[in-house]
Amino acid sequence: MISTDTTNVTVTGMTCEHCVRSVREELTELDGVSGVDVDLASGKVTLHISAPVEPEAVRAAVEEAGYEVSS
Ligand SMILES: [Cu+2]
């Protein structure tokens with residue numbers, strides 16, 4: 001079953017589509033994440049989730065890609 005729940009984070013440091021792809025790939029690997037939308041201009045990342053996802057796991061995945069979660 002795919003839930004339509006979403007959660008948002010803002011990622012800093014992305015400058016191009018390669019950055020977007022890196023962040024998307026890392027976040028897509030997280031348990032509970034069924035889809036990832038990234039807006040490069042604003043840094044806004046929308047996670048489509050099918051199960052609760054720990055904020056710390058999101059932060060770690062973004063850092064693994066080489067970027068930062070703001071706030
Ligand atoms: Cu880039």
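**Notes on the predicted model**

1. Let's start with Thr-46: setting aside neighbours within four places in sequence, Thr-46 is in contact with Thr-6, Thr-7, Asn-8, Gly-35, Val-36 and Asp-37, where contact means heavy atoms within 4.5 Å. Its side chain also makes a polar contact of 2.9 Å with the side chain of Asn-8. (A polar contact is a pair of N or O atoms within 3.5 Å; within protein, one must be able to donate a hydrogen and the other to accept it, and residues adjacent in sequence count only if both atoms are side-chain atoms.)

2. A word on conventions: this is a predicted model, in which local features need pLDDT of at least 70 and side-chain atom pairs count only at pLDDT 80 or more, while totals for chains, interfaces and linings use all residues. Residues are numbered from 1 along each chain as its sequence is written, and side-chain values use heavy atoms, with hydrogens and water left out.

3. Thr-46 lies in strand β3 (residues 44–49); helices (H or I, at least four residues) and strands (E, at least two) are DSSP runs, numbered from the N terminus. Thr-46 counts as buried because its relative accessible area is 16%, given that buried means under 20%, exposed over 50% and partly exposed in between (1.4 Å probe, protein chains only).

4. Where does β3 sit in the sheet? The open sheet of 4 strands has the order β2-β3-β1-β4, with antiparallel pairing; two strands pair if DSSP finds at least two bridges between them. β2 and β4 (68–69) stand at the edges with a single partner strand each, so one side of each has no neighbour in the sheet. Between β1 and β3 there are 6 bridges, and Thr-6 stands opposite His-48 in β3.

5. Val-38 belongs to strand β2 (residues 33–39) and is buried, with a relative accessible area of 16%. Leaving out neighbours within four places in sequence, Val-38 is in contact with Met-14, Val-20, Lys-44 and Val-45.

6. Which residues touch the most other members of the largest nonpolar core? They are Leu-27 and Val-45, out of 21 residues. (Such a core is a set of buried Ala, Val, Leu, Ile, Met, Phe, Trp, Tyr and Cys residues joined through side-chain atoms within 4.5 Å.) The elements giving two or more residues to this core are β1 (5–12), α1 (17–28), β2, β3 and α2 (55–65).

7. Finally, the copper ion: its protein donors are Cys-16 (SG) and Cys-19 (SG), lying 2.1 Å from it. Donors are N, O and S atoms within 2.8 Å of the metal (3.2 Å for Na, K and Ca); water is not among the atoms, so sites may look incomplete. Cys-16 is partly exposed at 29% relative accessibility, whereas Cys-19 is buried at 6%.
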